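Here's a quick briefing to read alongside the model. Have the viewer open and follow the topics in order.

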Amino acid sequence: MTSLAQPSSVYDVDLRTRERVLLKQAPVLGGYDPDDYEEHRLWATAPDGVRVPVSLVVRKDARGPGGDAPVPVLLYGYGAYEYAVDPYFSVARLSLLDRGAAFAIAHVRGGGELGRRWYDDGKLEHKQHTFDDFVACARHLVDTGWSTPDRIVAEGASAGGLLMGAVANQAPEAFGGIVAGVPFVDVLTTMLDSSLPLTVTEYDEWGNPEDDPAAYDRIAGYAPYDNVADLPYPPILAETSLNDTRVLYVEPAKWVARLRAVAPRADVLLRTEMAAGHGGVSGRYRAWHDRAFTVAWILDRMGLSGLGTPPALGRD
């Protein structure tokens, strides 16, 4: 088992007495204590009235509802292919949590968290629900006192990167920063090219804009690249890999170029990894080094980029 605060653990369970005996737990260095953190299940309300679950973790000595001040929040989302983003533990995330930030997962429609209906209600002609849900989750964090728009950083990768590009166009005021990893932001161009190896197999997810005018109009209505405008975008970090065969590096490169051309006031950074694929660099230590760059950018957007860990939030 695992959770946002609990490292991966293996238990021996007596089914008669319900007694659990811990057999093994992933080690976390630095005096980590799960009891220093608290987990919450929140419910945001989408524009159509659907309740969207949000999983959140934060240090107990950070502030939030009932405290003196809101906290910065890293809000993650995906919402595609019926993939369920379960609450999971991450060592790399501790750098954020121990500086007083919270981490949250928006379980938006298009994923599989609440069954097949949840997936079907966030694909094809219902894809807009994915974007509406994510924005609703961000606004719920503000309305309930967890954070403020300028201290919420949104993050998503691949199809989640499409989500980031869409919400950047549709609700730029809701976020203080956006991280789009290997982002599928040139959806319309890609789905119009059936010679690409993944396009035909993706028709069930996005539609076939080449043969279906309704699918064309629908995708054109939300595709991040095609809907860039001169808007007050929050700072954006787009990350891609030169050898990515799922989302070609040209997609974020085109998107960033268009953002800079159409919205010259936008603060947009493109980071290209020259020796990696869709899943990023190989090797645990290289992956941590790669993630450190992203976390440093996020901390800067949250106003937490000072060196070291605040004493009040440090671990022994």
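Let's begin inside: L75 touches A104, I105, A106, F134, C137, A138, L141, I152, V153, A154 and E155, leaving aside residues up to four places away in sequence. Keep in mind that this is a predicted model.

**The core**
- The largest nonpolar core has 85 residues, and L75, F134, F175 and W206 touch the most other members.
- Helix α4 (residues 159-170) gives the most to this core, putting in seven residues.
- As a bit of background, nonpolar side chains tend to be buried together in soluble globular proteins.

**The hairpin**
- Strands β1 (residues 9-13) and β2 (residues 20-25) pair up antiparallel, with five bridges.
- Within that pairing, Y11 sits opposite L22 in β2.
- Six residues separate the two strands of the hairpin, and R18 is in the turn.

**Loop residues with positive phi**
- R18 isn't a glycine, yet its phi is positive, at about 65°.
- R18 sits in the loop between β1 and β2, and it counts as exposed because its relative accessibility is 68%, where exposed means over 50%.
- L124 isn't a glycine either, and its phi is positive at about 50°.
- You'll find L124 in the loop between α2 (116-120) and α3 (128-143).
- With 24% relative accessibility, L124 counts as partly exposed.

Notes: Residues numbered from 1 in each chain as written. Predicted model: local features only at pLDDT ≥ 70, side-chain atom pairs only at ≥ 80, totals over all residues. Heavy atoms only, no water. Pairing = 2+ DSSP bridges. Helix = DSSP H or I, 4+ residues; strand = E, 2+ residues; numbered from the N terminus. Core = buried A, V, L, I, M, F, W, Y, C linked by side-chain atoms within 4.5 Å. Buried < 20%, exposed > 50% of the residue type's maximum accessible area, 1.4 Å probe, protein only. Contact = heavy atoms within 4.5 Å.
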